[in-house]
Amino acid sequence: MSYCKQEGKDRIIFVTKEDHEAPSNAELIEDDPNDPYEDQGLILPNGDINWNCPCLGGMASGPCGQQFKDAFSCFHYSKEEVKGSDCVENFRSMQECMQKYPELYPQDDDNDSAPSGGADTAPTDSVPTSSPDSTPATTENPAAS
Amino acid sequence: MFRCKTVWNKLAPLARASSTLCLQNARKSALRHGRRLEMVQKAQMSSGPAGGGGENTLYYVLIGATCLGTGVYAYRTVSGDKERYNERMIEIASRPKQGPQAAEALAEVVAESKEDAAPLESIPEPSSEPVKSEPVAEEPTLTEPPAEEVLVTEADVESTESEPVAEVPVTEPNVEEPVEASIPEPTVESPLREPVVEASVTEPVAEAPAVTQNDEPLAPVVESETEPTPVIIAEHVPEASSVSEIAADSKAAPAAEPIEPTAAPSDVPEHAPYLLIGGGTASFAAARSIRARDPGARVLIVTEESDLPYMRPPLSKELWFSDDPKAVETLHFKQWNGKERSIYFQPPSFYVSPADLAKVENGGVAVLTGRKVVHMDVRGNKVKLSDGAEISYEKCLIATGGVPRNLQVIERAGEEVMKRTTLFRKIEDFRSLEKISGEVKSITIIGGGFLGSELACALGRRSTDAGLKVVQMFPEKGNMGKVLPEYLSNWTTEKVRKEGVSVITEAVVKNVTYKNDGLEIKLKDGRLFKTDHIVAAVGLEPSVELAKSAGLEVDSDFGGYRVNSELQACSNIWVAGDAACFYDIKLGRRRVEHHDHAVVSGRLAGENMTGASKPYWHQSMFWSDLGPDVGYEAIGIVDSSLPTVGVFAKATAKDTPKAATELSGTGIRSESETEAVAGTLKSETTATPPPTQQKEDYGKGVIFYLRDQVVVGIVLWNVFNRMPIARKIIKDGEQHGDLNEVAKLFNIHED
């Protein structure tokens, strides 16, 4: 029972749920995972950490950014059986630094490597495109109401 | 032809002779001020022109007198030039309050330069025919104080006098410099003069390309022919930021500088490896990006606002709907996911103080508030602030955003009207409007775009409880008339009306007057509206004041600084945010004034400032909420003048009673019958338009905007969390045969 009408240059189609149940035959171009232009997720194709990932919030850029980068890098490249067990020193200095800025780093989550940092989640950041389905548009806008 | 030839034959000797004569005279009189007429005569005699001796004598006298007059005029102009310039400088310096001191300094300058006037006599002066007519006009005015006509002739003369002009500054470089430093200020600070100035100044300035900085002193002299200097200072005041002290500072600065350069305040660092001009969303995103990519980076943000970087969207949305009465103070709001946060991107403890920036171990981001960058020296890689301080940089970002536009009728309407008008952009505008909304009886919003409609809805919410009458008026036929297709714009307007707003469409304001302690708005069609307060939301004027001093291009179509696809304006300068007119590889050149674009472009600029060399690729999106029922997200070029295809979820019987009435048109028939009829129904509906639009409920759907059959923009109407798919479709840039198939990708029927 879908129908469509034309108003000048604008076309309007009303579709029922049933009509939209059939899978789409629209063709989309395959994404190139190594596209240098695309925004990358947390881990770059070459295995490095993308410090500019919106998912990190301001963790890598704040006053404790250097400590955070050291700790997280160590964890990422750690080959120990218990990953990161050789990075205790790094995490300790990071925690010390963070304690100096309680406003920025609320002390409820400590050793998470990708924490929900203080006051800068949501609307400031765009969605990382590497995982379009899993990451809802949480970081994009407060529009859903 | 034959006749012409005979005439030419007769005249040729005369023509030849006179032209030779002229050339010889020109050369010789230029060198000896026409004192050697006898020599010239002899030369002419030898060539033997046709015609009698009497004619010749008259001829010689005329030419001789002309040359003599030219020589005299040229000499006097060149020497008088210096005097006029000095007089002009004294006049300019005496205008600001620091007059006496400045005048003293300039008096010295004048005295010194007068000594140099003598050598001008020997300067060669190419006389040309056009100048001939001016000696008479010029002489009486030479002694007058610089008047407009004098400067006009100066401009003409300058094009012929490039050599003497060039020589003058060369002989007195020391004298010119202190004065020159102060002159660029008036030149650059008044952006309105730029277009006019470019036209008139290009010729004289182009004529003396070899002369660099020293040529600038002449520029303001010429420029004043377009607008007298008092206007510069006066215009500068409205141009200046809301911080009034800056206006006073920058007025005094041009004069104050040559005498006692005001000691740069100790908290201003002299050098910042990364300098970001402007303290808004784009700037902050760039700062974050730079810090993430360049370990230990030292980033300095210079902003004329007194607040740390904050986000603007809540100022017209969430902050108005907050239950917290202290929200206005704290500027905290609840996000869509329930979490509360402040509009400031980071609390003050995130930032380093500007004075410590150079010393702090791992670098950081420092914010210098309440200062405006007024001059950019691209060659020297440094900027000058309104208080005279200079900061050198290695990489610079211009993220100056813009200022709200105002209606001309309001600007001309006088102070009482201006006092009752709000131009909404900053935190203080929000606080002031919030306060006013509690005090007045009626508010009128002029403008039907994003900001106007959002504010109307926000205020409309208050109208019911607070007894406030809210009116919104605009020239279009419906809210968001330039963004949404007509049917949707009409639907939206109805929604806004439901929020308690009285919407007046197709309203063009003709004038506004202050009457009986209120405002009266008269429209072009004669309608009259009375109101207590006006909010003008009629667009944003990008701030491109630095374009002149930095030598950056300003786009004539979209406004803003013109940059390439990597947001770069020139070697070490990038531009992001509202002020950037950039090249989008997929969608063409554009300028976008949305929050997410500021974030995306700021982040990209930061990446490119640290060597990434990436073009604008990740398409930014935007969103708007009009009350609790209507919310949409959009991406790409969303212009209602483009053809659109909208795919909406057809409401089923179980949804709303309205949907049921709509269905009754097609009848509650059996399924098979419906399907069989569906084909014919389609053609029928296109021929006979369905019943009135109000019955159509555009509850949820997706609208595609097409340009040459390619989707360039998408609006997701009340469907959320689908932006990545929309982004993908625009990135592909494919021509899709059936957009309904594309719409299937969005699953609009699900939540």
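Student: At what angle do helix α15 (residues 281-293) of chain B and helix α25 (residues 595-609) of chain B pack?
Tutor: This is a predicted model, in which local features need pLDDT of at least 70 and side-chain atom pairs count only at pLDDT 80 or more, while totals for chains, interfaces and linings use all residues. Residues are numbered from 1 along each chain as its sequence is written, chains are lettered from A and ligands numbered from 1 in the order in which they are written, and side-chain values use heavy atoms, with hydrogens and water left out. Helices (DSSP runs of H or I, at least four residues) and strands (runs of E, at least two) are numbered from the N terminus, and axes are lines fitted to C-alpha atoms, for helices over the stretch in contact, with angles from 0 to 180 degrees between N-to-C directions. The axes of α15(B) and α25(B) lie 7 Å apart, and the helices pack at an angle of about 35°.

Student: How do the residues of the contact of α15(B) with α25(B) divide?
Tutor: Contact here means heavy atoms within 4.5 Å, and the residues involved include A282(B), A285(B) and I290(B) of α15(B) together with A598(B), V599(B) and G602(B) of α25(B). Ala, Val, Leu, Ile, Met, Phe, Trp, Tyr, Cys and Pro count as nonpolar, Asp, Glu, Lys and Arg as charged, and the others, Gly among them, as polar. On that basis, the residues of this contact divide into seven nonpolar, five polar and three charged.

Student: Are α1(A) and α2(A) roughly parallel or roughly antiparallel to each other?
Tutor: The axes of α1 (residues 65-77) and α2 (residues 88-99) of chain A come within 8 Å and cross at roughly 155°. Angles under 35 degrees count as roughly parallel, over 145 as roughly antiparallel, 65 to 115 as roughly perpendicular and the rest as oblique. The two helices α1(A) and α2(A) are therefore roughly antiparallel.

Student: Does α1(A) pass α2(A) in a left-handed or a right-handed crossing?
Tutor: A crossing is left-handed if the near helix is turned anticlockwise from the far one by less than a right angle, and right-handed if clockwise. The crossing in which α1(A) passes α2(A) is left-handed.

Student: How many of the 10 residues of helix α28 (residues 723-732) of chain B are buried?
Tutor: A residue is buried under 20% relative accessible area, exposed over 50% and partly exposed in between, with a 1.4 Å probe and protein chains only. The buried residues of α28(B), among them M723(B), I729(B) and I730(B), pack against α25, β24 (621-626), β25 (630-636), β28 (710-717) and α29 (739-744) of chain B. Helix α28(B) is largely enclosed by the rest of the structure, because the number of its residues that are buried is eight.

Student: What is the relative accessible area of L567(B)?
Tutor: L567(B) is found in the loop between β19 (561-562) and β20 (568-570) of chain B, and its phi is near 65°, a positive value in a residue other than glycine. L567(B) is buried, with a relative accessible area of 0%.
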